[in-house]
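Open the model in your viewer and keep the selection panel at hand. The tour goes from a helix to a core, and then to a cavity.

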Amino acid sequence: MMNKITTVLAALLIVFGAAAQETAQETESQDSGPSGLTFGAFPIFDYNPDMGFRLGGRAAGYDFGKGRVNYPNPRQQLYVEASGYTNKAQVYALSYDNRFLVPGIWFTFAAGFSDERAFDFYGFGGYESYYDRALPRAYYQLDRKMPWAKLDFTGKIVSNLYWKFGYHFKYFILNETESESLSEVPFGKSLFSWYKSLGFIEGDEFNGGMTSALRAGLSWDNRDCEADPSRGNWTDAFMEWAPKWMGTNKPYGRYHVTVRQYVPLSGDRLVFAARANVQGFIGKPGFYVLPSESGIGSVWDRDGFGGYGTLRGILRNRLQGQALCYFNTELRWKFLTTELLGQDLSFGANVFFEGGRVLKNYTDVSVDAQAWQRQLDKIPAQLLQGGREKFHFTTGAGVRAILNRNFIISLDYGHAFNTQDCGRWGALYFNAGYLF
């Protein structure tokens, strides 16, 4: 099985390597490897159990400058993507990073639009909201469209300490999901609809809203490589402020701290990587802001706590609350390093153990639901079966194919410890990049 996976990954990288072209022929260094401008355009084909198969295309351009002075970190890069998932979702995105236009400042602009007809919604509070695997998926879904944009700036204070500042905009358009399978669920209504009926979601939030926010913070980063680190520490701490006068419908503040550590156990061939995160809101935002992993700088915001990007093997958006935390630990092994058409190529494997939990619920679902105990004939029993929140754990393994320490194809399998957190057979993810 492993040989077949490695063969497939190698074939995909050969396609990319053939498309990449070096436009700078003269270099100041005699070292082998990429320099100048390197371009690649290639199809998107990936999979995760929360959204299904994704088909589309992406193009990326990297400028390493003259020689290998900047390699493996490009001095500027451009990325565009257009793709669609089999669960009736489309994603369009563009980003541009530049490290030299403004001396001493690294700025990132990104914008995109997502249209999901089956956005996951499992309720608030983790285990406080019961998940019934026997119900159709449509019961745990809603319709969400979201245009977004951001402009972030990063500058060095001293050594590896940086300041970060940026503006982020999102507009959420929400509707109840339309599915014939809803006729099979209790009373023919989705969980999203029940939350509105019970008052867990306020009426003015049910159709969505806008957030317009400033983010500012500090970052310590002494990694040897941004996309494929083998040593160093990367820590981010920032605050987000989304006031009403900037257009936010429900103003809030947010704190966010992430610590990532990379420890070489045998050079860059065997690396232990770990990430810990804690975040929460000051004030009560619109509920639609909860399932979002915030970032500042070159990273994008990600949807969902659970699923690829945060906790592999746990359902996307399974953890939603006023405050939460999670961790990832991973052992990364590069078992083969070579060259392909003048490009650096590596193959690796990894094993991981991860977990997270809600620290403070968004609303007291269990107490509110008790008010309906005497009306069991009018609400689904699942709303009253939630338990006490605790850590959600998952474990798994995967393989990697790495080109020029920047373009990475990944295949991971994760399985949650608790059946409240996952599908029957665990979760397989075919994607790009390291998780962190």
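Start with helix H2, residues 191–198: 6 of its 8 residues are buried, so H2 is largely enclosed by the rest of the structure. Buried means under 20% relative accessible area, exposed over 50%, and partly exposed in between, with a 1.4 Å probe and protein chains only. Helices (H or I, at least four residues) and strands (E, at least two) are DSSP runs, numbered from the N terminus.

This is a predicted model: local features need pLDDT of at least 70, side-chain atom pairs count only at pLDDT 80 or more, and totals for chains, interfaces and linings use all residues. Residues are numbered from 1 along each chain as its sequence is written, and side-chain values use heavy atoms, leaving out hydrogens and water.

Select Leu191, Phe192, Ser193, Trp194, Tyr195 and Leu198: these are the buried residues of H2.

**The core**

Which residues touch the most other members of the largest nonpolar core? Select Phe121, Phe124 and Phe287, out of 38 core residues. A nonpolar core is a set of buried Ala, Val, Leu, Ile, Met, Phe, Trp, Tyr and Cys residues joined through side-chain atoms within 4.5 Å. Strands S5 (105–120), S6 (141–158) and S7 (161–176), along with H2, each supply at least two residues of this core. H2 gives the largest share, 5 residues.

Now centre on Phe287. Beyond its neighbours within four places in sequence, Phe287 is in contact (heavy atoms within 4.5 Å) with residues including Phe121, Phe124, Leu174, Phe192 and Tyr362. Then move to a second, separate core of 11 residues; Leu340, Ala401, Phe407 and Leu411 are among them.

**The cavity**

On a 1 Å grid over the protein atoms alone, a cavity is a set of points where a 1.4 Å probe fits but cannot get out; lining residues have an atom within 4 Å of a point. Grid points are joined across faces, edges and corners, and a volume is the space filled by probe spheres set on the points.

Go to the second largest cavity, about 120 Å³. Of its 19 lining residues, Lys170, Thr211, Arg215, Val289 and Ser292 lie nearest its centre. S6, S7, strand S8 (208–221) and strand S10 (252–266) each give two or more residues to this lining. S7 gives the most, with 4.

**Zoom out**

Of its 436 residues, 55% count as buried.

Conventions
On a 1 Å grid over the protein atoms alone, a cavity is a set of points where a 1.4 Å probe fits but cannot get out, and a pocket is an open set with protein on both sides within 12 Å along at least five of seven lines; lining residues have an atom within 4 Å of a point.
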